[in-house]
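Here are some friendly notes to read alongside the model. Please keep the viewer open and follow the points in order.

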Amino acid sequence: MDSLDSSQSRNLNKTRIYIGLLKEPDIVFPAMDDDNDDNAEAAGEGGEKPRKKKSKKDNFLSKRSRNDPNAPPPNRIPLPELRDSEKMDKLQAMRESAKRLKLSSETLPSICFYTLLNASVPNNIAVHCVEISEDSALLAAGLSDSTIKVWSLTPNKLKAMKSAAELELIDREVEDVLTRMMDDKSTTDLKVLHGHSGPIYGLSFSPDRTLLLSASEDATIRLWSMQTWTNICCYKGHCFPVWDVAFSPHGYYFASAGHDKTARLWSTDSHQPLRFFVGHDSDVDCVQFHPNSNYVATGSTDKSIRLWDVLNGQCVRHFTGHEARVHVLIFTACGRFLLSSGEDKKVLMWDLPHGYLLASLSGHVDTVYSLSLSRDGVMLASGGADDSITLWDLARLIDETELDDIAASSAPPVKTQNDAILLKTFHTKSTNVLAIHFTRRNLVLAAGVFH
């Protein structure tokens, strides 16, 4: 039976897939404020009027702004168009990326750790999951008492919307209409969301952080507004507990994974799932979208990982190599590699085009719950139940892998870590690591529960 599965996996892994990234929209923005200051100084010295600097495109996404030969056709699956607010957020991300720390084996990131207290025995309230928004502004925790707690990680406190009567008086045509809709008198550091009837096991912020998805033991998925702090929709489809949920990088779509051995594809405007991903032999424990949103990866208690085509729901990759349950998956920003980890304490790196296991990294002594990549893709951070965060030199690992020699007919040798790849391990006093997140400036944010 094992040999049959192995043969099927080899044939499956030869299916052509699109690993490239979709072309980013061209976003043009005016010159920075410091450019204007320089012009003013020049005018003061020479007595001439300052020249206006032309609007320019940021180099942050220059590679992705070109057509990628390995990218899927832009109309392969329908994707939402960027709203003005999302364009502004991308603009802000570009500007912040220009100030990010350039990481290397000699320059490691700083780590800011958030410890959740009073969330275990004897209070009988456990934290099952933690999620940090893409812009590092919000932190959400899913608790065993069926509630979700959301904190602000910035000086900007959380606000609720004004009353319906006050909203009627606001001019909807002004640019800052969303700002005017928020009630400054309702500021707080914490919001608590009620609605589920079972423990929360999965959370995911939308790319623009206006929405939050939650997955629960009550077999439902709920969509929450981060502006009104209310439940917008309840998705019912799974028959058993839902272990994980993940938004697409482009928004609109999301995927869920559950105890019923299936993963499902949903959209925010439909109550029914769009696709069923069926093939695992046990619980589907984690789910993650490819950066181009055309594929969904799932990790299972059956020790395997599958990659599914969003277009038709077919399995296009089947990876076997883990020795225990897979808890976490993450794609590299380039879209070519998939990293996974779980109860076997190893971090594995997979090559998507040919379906090969490229590397096996051993450094943890207990289950790994979280993986995160630096914004420039050169460093990997992992953390878990061994109360530690480990930093890996991913750029060096990829450079040492002979990618050009990888052929579909023969598997390359699996690399293991050496002292150059495992950069450093940071230990907490007595706090496991449930979430790790690189900010846009390559600061590491992490969170866990004190025990």
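1. Strand β3 runs parallel to strand β32 (residues 444-449), and 6 bridges join the two. One of the places to look is Phe 113, whose bridge partner in β32 is Ala 446. As background, the strands of a sheet pair through backbone hydrogen bonds, in a parallel or an antiparallel way. Please bear in mind throughout that this is a predicted model.

2. Which strands make up the sheet around this pair, and in what order? The order is β3-β32-β31, in an open sheet of 3 strands with mixed pairing. The edges are taken by β3 (111-116) and β31 (435-438); each has a single partner strand, so one side of each has no neighbour in the sheet. On average, neighbouring strands here are turned by 15° against each other, with direction ignored.

3. Now step back to the whole protein. It has 6 helices and 32 strands, and 49% of its 451 residues count as buried. Taking contacts between residues at least 6 apart in sequence, 55% of them join residues at least 24 apart. The accessible surface is about 22,200 Å², and carbon and sulfur atoms account for 48% of that area.

4. In general, side chains of opposite charge can pair when their charged atoms come close. A search of the whole structure turns up 15 salt bridges. Among the residues involved, Asp 89, Glu 96, Glu 134, Arg 375 and Arg 440 are linked in a network of salt bridges.

5. Have a look at Glu 24 and Lys 90, whose side chains form a salt bridge with an N to O distance of 3.4 Å. This pair links distant parts of the chain, 66 residues apart: Glu 24 sits in the loop between α1 (2-12) and β1 (28-29), while Lys 90 belongs to helix α3 (residues 84-97). Lys 90 is partly exposed, with a relative accessible area of 25%.

6. A second pair to compare is Arg 264 and Asp 260, where the closest N and O atoms of the salt bridge are 3.2 Å apart. Arg 264 counts as buried, at 7% relative accessibility. Asp 260 counts as buried too, at 17% relative accessibility.

7. Lys 415 is partly exposed, with a relative accessible area of 22%, and Glu 400 is partly exposed at 28%.

8. Finally, please visit Ser 152, which lies in strand β6 (residues 148-152). Ser 152 counts as buried, with 16% relative accessibility. A polar atom of the Ser 152 side chain is 2.6 Å from the backbone oxygen of Asn 156. What else does Ser 152 contact, leaving aside neighbours within four places in sequence? The residues in contact with Ser 152 are Ala 137, Leu 138, Lys 157, Leu 158 and Asp 189.

Definitions and conventions. Residues numbered from 1 in each chain as written. Predicted model: local features only at pLDDT ≥ 70, side-chain atom pairs only at ≥ 80, totals over all residues. Heavy atoms only, no water. Helix = DSSP H or I, 4+ residues; strand = E, 2+ residues; numbered from the N terminus. Buried < 20%, exposed > 50% of the residue type's maximum accessible area, 1.4 Å probe, protein only. Contact = heavy atoms within 4.5 Å. Areas by Shrake-Rupley, 256 points an atom, 1.4 Å probe, with all protein chains shown as cover. Salt bridge = Lys/Arg side-chain N within 4 Å of Asp/Glu carboxyl O. Pairing = 2+ DSSP bridges. Axes fitted to C-alpha atoms, helices over the stretch in contact; angles between N-to-C directions. Polar contact = N/O pair within 3.5 Å; in protein donor to acceptor, adjacent residues only side chain to side chain.
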